[in-house]
Amino acid sequence: MERNRSPLVNDCSLQGIRPIMLDLPYPPIQVKEKNPQYADLLLVDYCGSVSELSAILQYINNENRMSGEHCSLMRTILGIAMAEMMHLQKLGELIHLLGGNVCFETKQPNGMWSPSCLTLPYHIPQMIQADLEAERAAIRQYKMHINAIRDDYVNAVLKRIIQDEEYHIMILQSL
């Protein structure tokens, strides 16, 4: 006799989630002049091992692996991922304006993005710790790039992105 089994359901609604970012405007997306070297640096922030692409995928993967019992946490993680998507989009615009090729390959030694760029622990406390470490690494990298780039327009956008990353750290620490 076959039993009717109830389907497994995640009843956590992710509808209406907005990007979790500071309620501050972004500077206009503009550059002083074309500069392929600056575009290459931003490409690392776009899709390098420490990058917005890595952040998005790590957050989405973590959100997908949390059970519906952690609905509030899932919504928070997805909101942070959405903010990282906004960062990726802004970096892509800057790369294009600087004369770079918006793609998923950097000029680094192992320049192709791969899943090995992610830290994907199984348990939620380790997920949050990995996310914190990734946010801190991103801030360090952005600061290095700000020091190397002599374009106030580009640096203004990077500094604004750092503000969101610092906000994400504060939120993740509270979790």
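Is Pro25 buried or exposed? I looked this up first, and Pro25 turned out exposed, with a relative accessible area of 69%. My scale calls a residue buried under 20% relative accessible area, exposed over 50% and partly exposed in between, using a 1.4 Å probe and protein chains only.

A note on what I am reading: this is a predicted model, where local features need pLDDT of at least 70, side-chain atom pairs count only at pLDDT 80 or more, and totals for chains, interfaces and linings use all residues. Residues are numbered from 1 along each chain as its sequence is written, and side-chain values use heavy atoms, with hydrogens and water left out.

**Around Pro25.** I found Pro25 in the segment before α1 (36-47). Helices here are DSSP runs of H or I with at least four residues, numbered from the N terminus. From Pro25 to Trp113 I count 88 residues in sequence and 30 Å in space, C-alpha to C-alpha.

**Helix α3.** Next I followed α3, which covers residues 71-97 and has 27 residues. Its first and last C-alpha lie 40 Å apart, close to the 39 Å expected at 1.5 Å a residue; the expected span is 1.5 Å times one less than the number of residues. Just after α3, I noted Gly99 with a positive phi of about 95 degrees.

**Charges.** Which side chains meet in a salt bridge? They are those of Asp164 and Arg160, at 2.7 Å from N to O. The rule asks for a side-chain nitrogen of Lys or Arg within 4 Å of a carboxyl oxygen of Asp or Glu, and by it the count comes to one. Asp164 and Arg160 are about one helical turn apart because they sit four residues apart in helix α5 (residues 152-174). Both Asp164 and Arg160 are buried.

I then turned to Tyr26. Arg160 lies over the face of its ring, 4.2 Å from the ring centre. The charged end of Lys90 also sits over the ring of Tyr26, 4.7 Å from its centre. To qualify, NZ of Lys or CZ of Arg must be within 6 Å of the ring centre and within 35 degrees of the ring normal.

A cavity is a set of points on a 1 Å grid over the protein atoms alone where a 1.4 Å probe fits but cannot get out, and lining residues have an atom within 4 Å of a point. The largest cavity holds about 30 Å³ of space. I listed its lining as Asp45, Val50, Ser51, Glu52, Ala138, Gln141 and Tyr142. Helix α4 (residues 124-148) gives the most to that lining, with three residues.

Terms used
Helices (H or I, at least four residues) and strands (E, at least two) are DSSP runs, numbered from the N terminus. On a 1 Å grid over the protein atoms alone, a cavity is a set of points where a 1.4 Å probe fits but cannot get out, and a pocket is an open set with protein on both sides within 12 Å along at least five of seven lines; lining residues have an atom within 4 Å of a point. Grid points are joined across faces, edges and corners, and a volume is the space filled by probe spheres set on the points.
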